Structures are given as structure tokens and as C-alpha cells.
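I open these notebook entries by setting the sequence and the structure in view. My notes on what I looked up follow below.

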Amino acid sequence: MKVTSIKSGLSALFLAALLAGCSSNPVVEEQPTSTDIEDTSVQTGQVDTSEIEDVAVETVTADTIFYFDFDKALLKPESRAALLEHSAMLQSNPRNVRLEGHADERGTREYNMALGERRAQAVKEFLVLQGVSPSLIEVISYGEERAAAYGSNDDAWGLNRRVELK
Amino acid sequence: MVHKILSLLLLIMLSSASFGELVIKITHGNDKPTRIAVAPIDQTGIQTGEDISRIVESDLQRSGLFETIERRNMLAFPGRAQDVYYRDWRMLGTEYLVAGQLRSVGGGRYQLEFSLLNVTAQKTELTHKVSGTITQMRDLAHLVSDKVYEEITGIRGAFSTRLAYVTAIRKNDKYTYRLNVADADGAREKLVLESGEPIMSPSWSGDGKELAYVSFETGRPAIFRQNLVTAARQQLTNFTGLNGAPSWSPDGTRMALVLSKDGNPEIYLLDLQSNKFSRLTRHFAIDTEPTWMPDGKTLLFTSDRGGTPQIYKLNIATKATERLTFTGNYNARPSLAPDGRTLAMVHRQTDTFHIASFDLKTGRMIELTETRLDESPTVAPNGAMLMYATKQGDRGVLAAVSLDAGVRYVLPSSIGDVREPAWSPFLR
């Protein structure tokens, strides 16, 4: 294998890789959640509080991160409580939801991808059992690739074994 | 969009000085290394930009089987066998001597003629000529190392092979991921892919010309193949759920991979010519990390169908599976040595993850590493060494260990965390 051809070939593929990277759409955008309040407030000089409350309910702070024990995909009681709130919201105001599953760094990367997915699936199954339409819910695993906390200790690992609801 | 490309290009050009280098640090060597002297190559005035003898010395040292004589102790720098005065070398306790001469042969090409001499027996073991252009001096050096290593040990040298690996660089909570290929000694690192989204699981094709890998660039994990010479790149999968763990068949016609589109992670085969997928496992457990046996008829994979991850065998024709590992509470990521019998894997006995070697015939499991949090073992194509990823403090680094655990070295990157090494096949 000639080194010179590798070099020019690789700078060409370098560009190709950059171009490929540029043409991707890596971020899943959230659906807009607010109703349009501007019209009514400008025209009538009054703020429509009921619509503002709707917005507040949509973004209420039930936990959106659920944690798991090592090598397990079982929902904890506190997760279930938060998820009950989310399922109620999702049934009254359906929107697309993305569940991102994660694992801590221990063990192998592809197995951890599967573990992250298993955890996100556990959250999805719970929501579906409560009546949320499965077509609203997308499951993605990042395995150990997207750590929330850095460090090789129990605290960091505990923070990384999670599913994030977005 | 054009602006984005241009600014990215500029960023790469400016930061080329900060591209990670892998620097070898030997931590443990063989107990009775062979003493070898690599005399500085007589370059007959040619400016090569590389010290060929130093590259050979590093290669031989890294194998752990050799101890090199220090240049400042050498009494002479012979370029040819007939210029060797054996007594000078016997006095230093040298067992072998490498001597060589580089000449220009016109057309921009240079020829290296080198000899391996047995100092004890006072005879020439081999003489060889190899030629290349001025940019190929490192390749010439690695060929010298291969020939010397093979002559003395009887094992084919793997110094002319390459490593693929992933580097993750964190800046203000944002990551940049790079898929790189470098020489087996960490030199000449080249960028294959850069992304703001994770890259995983590089896998070499049998001819060493392509890499398959997982990229999250589309927002979900997908498997790609990329030709390292032509730059051609193709997305192979686009299913919902997991798309992971690609592994090329030995004959290059199929890819084993993992998809969870049918409910949970299962092993599939993709026929690269027909683009047809066939499903190989049917079990509600996690089945992942397939790797091929040399006959192309059997896969080894990780499954937790028994409760915790263990290594299983899968007959592709019959789909029958058989559990292989029973020692330890976690065995995963099988990587087969070329002898077809020794399996490297991630192994946990109590609570630390080590790399272990497992004998498929006897069932014997040997822990090879003392580092913790080990993952991604990859075996050199001559079976002499394996490389894996581990952590030093908070940094992800690559480490190498010989399959008899006698030799160890570490390769940290100068920037970022390095992970997921994949050792190329023989390339020449």
C-alpha cells in the first residue's frame, strides 16, 4: 500500500467526511409547546391567563431524568411517580417525546448501548401502560457515549445510569 | 453551508498541530530479552527526515522481546555485513546486529539494503533489499523490523500494521469525536471522520482497505462503511433502534451486525452484494458484539440470555447457539486471535473489568491486565500482542499487552480520550 496515495486519498475522504457531516441533521427538534398568546394580548390589551397556565402546565417540573441500578433496567418507585405525571400530561396534551437511554462507563460499549436501550424501553412501556400512545415515543440509546458526570466513582456512575425524557 | 465548510476546514488546518499523537510508554518487558544492536543506517548523505534505525529500535523494544544496545556505546556504525568487526559487538554483549545502507536509485526512489547478523555465531542470517520514495521511510523501517523479528522469533512481524481508534475531545461540555487511523507505533495519525456526534465500533475489512463503524450523525446510531483509499462512504443501515457492532466476514462479502428493530438487540447478517439482511438470533435477551471464526461459518458473540453477559458460539447455517464461558460474572466483546483458539475478552470476576484470554479448547481463562475498566480488546494479526482501551486517572488511553502477559505498554493520546482500538490485518 503506497503511503502517498493514502495521503491524498485521505484528504479527499476528509473533505467527503466533512461534507457528509455538514449535510446531516443531528438534532431532533422538540415540537413547539406554547399556544400563540401574542394575538389576544396585543389586540385586547389583556393577557389571556388561561393560555399562560396551559404553557406552565406543559413545562411543569416533574423529573425528566430517571435513574437505574447497575446492570439493571428496572424503574425505581420515584421514577414511576414522576412518570405518572408525564403520562397524564401526554394524554391531555399529546406531543412527541424522545427517551434517551444511557449506561455508566463500566463494561463494553455495545453491550452498554443495549442496556441504555433497555432502560429507555422500560420507561416507554410504563408510559404506554398508562395509556400514552406508543407512536408519540421515540427511544434512542447513547450507551456510555454521553456521560452526564465525569469520573470513575460510584457517584458519577450513578448519575450516568439514566433515561432522559425530552 | 459553504461558510460552515470553509470555517470547519480552517479549524482543521489551524488545529492540525493539536491532532492527538499516540506516544508509547513501555511499562513492562520480557524477563530475558534478546540483546540486539541496530546500527544507524548509512544514509550516504540522503536527507530522509526519519531516523530509520530508531524506528526499528522502537519496534523491537515495543515487542518486549528485545533489548537494544545504546547507540552511544557502539564502537562503529557499519553499513554492510562485510564492514562488521564482530569483536566490537561481542564486547557489548550483543547477540544480533542490524546494519544497513540507503542509496538513491533514481526516479525519486531509495533502496535500503540491510543485513541481520548473528554476533555469537559470527554469520549473516539474512540480507534484504527494499525500496520506496522519500515519504515511505517509516514503511521501510517497519519492514526491517518485520524481517528481523520473524527471523529471530519465527513469528511474522506486525510492525507494518495500523490501528483505527476513536478520540473524544471535550471542550466546555461539548464533545468532538474523531475516527483516526495511525501506524501500529502511533505515528502518522490520519483523520478518517470527525463529528459532533458519537462514533463507535470501528471494524477493519479483511483486505485492510475499509473501515465499518457506527456514527450518530443522523441523530440515531447507523452503520457506515468507508474506503480509506478512495474516500467512498456508504450508509449500510438506517433502522430504528440499535444499529451497531459491525464485523466484516473473513471473505469480505458479509457484515455481522446488531439491530434491535424487531424488539430487542439481535445479531443479523448483511450480504454486502445483495444488501439483504438475515436474522441469526431469536431471543429476548441482549445479543451483541459478533465476531467471526476464520472459517466464516461460526460467530462468537455476547449474550445475557443466561442472566449476565457471557460469550456464546453461533452456527450460522443452523442458528444453533452454545455457551462458551462459565468463569466470572461478566464476559463480553470477544476478539479472536489468529490461532483460532485463543479468545480475548472483557472479563469480570469480582468487581473490576479486565482483559482475559480464554482458551477455546481447554476453557481456561487467564486475566491479562492489572488495569481496571478495561474494554475493547483487539488482537494483532500475528497474535503476539493485544491492544485495549482503559483509563489512567480520568483519561481514556490505549494499552497493549502480550497474550502471555509478559509485555505491556501504554499509549495515551496527547489530546482527548482515546478508545475503541481496532488492529488492522496484515497490510502487505
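**Entry 1: a strand of chain B**

I looked up the directions of the residues in β11(B): B:E210, B:A212 and B:V214 point one way, B:L211, B:Y213 and B:S215 point the other way, and all are buried. I take a residue as buried if 20 or more other C-beta atoms lie within 10 Å of its own, as exposed if 12 or fewer do, and as partly exposed in between, with C-beta atoms placed from the backbone. Strand β11 of chain B spans residues 210–215, and because 6 of its 6 residues are buried, it is largely enclosed by the rest of the structure. Strands (E, at least two residues) and helices (H or I, at least four) are DSSP runs numbered from the N terminus.

I note that this is a predicted model, in which local features need pLDDT of at least 70 and side-chain atom pairs count only at pLDDT 80 or more, while totals for chains, interfaces and linings use all residues. Residues are numbered from 1 along each chain as its sequence is written, and chains are lettered from A and ligands numbered from 1 in the order in which they are written.

**Entry 2: its partners**

I call two strands paired if DSSP finds at least two bridges between them. Strand β10 of chain B (residues 199–204) runs antiparallel to β11(B) and is joined to it by 4 bridges; B:I199 has B:S215 as its bridge partner. In this hairpin, with 5 residues between the strands, I found a positive phi near 70° at B:G208.

With strand β12 of chain B (residues 222–227), β11(B) pairs in the antiparallel sense over 6 bridges, and B:E210 has B:N227 as its bridge partner. The hairpin of β11(B) and β12(B) has 6 residues between the strands, and B:G219 in its turn has a positive phi of about 100°.

**Entry 3: the core**

Which residues touch the most other members of the largest nonpolar core? I found B:L97, B:V98, B:L163, B:L257 and B:L386, in a core of 129 residues. Helix α5 of chain A (residues 109–129) gives the most to this core, with 8 residues. Such a core is a set of buried Ala, Val, Leu, Ile, Met, Phe, Trp, Tyr and Cys residues joined through C-beta atoms within 7 Å.

**Entry 4: B:G106**

I placed B:G106 in strand β4 of chain B (residues 96–106). B:G106 counts as exposed because it has 8 C-beta neighbours inside 10 Å.
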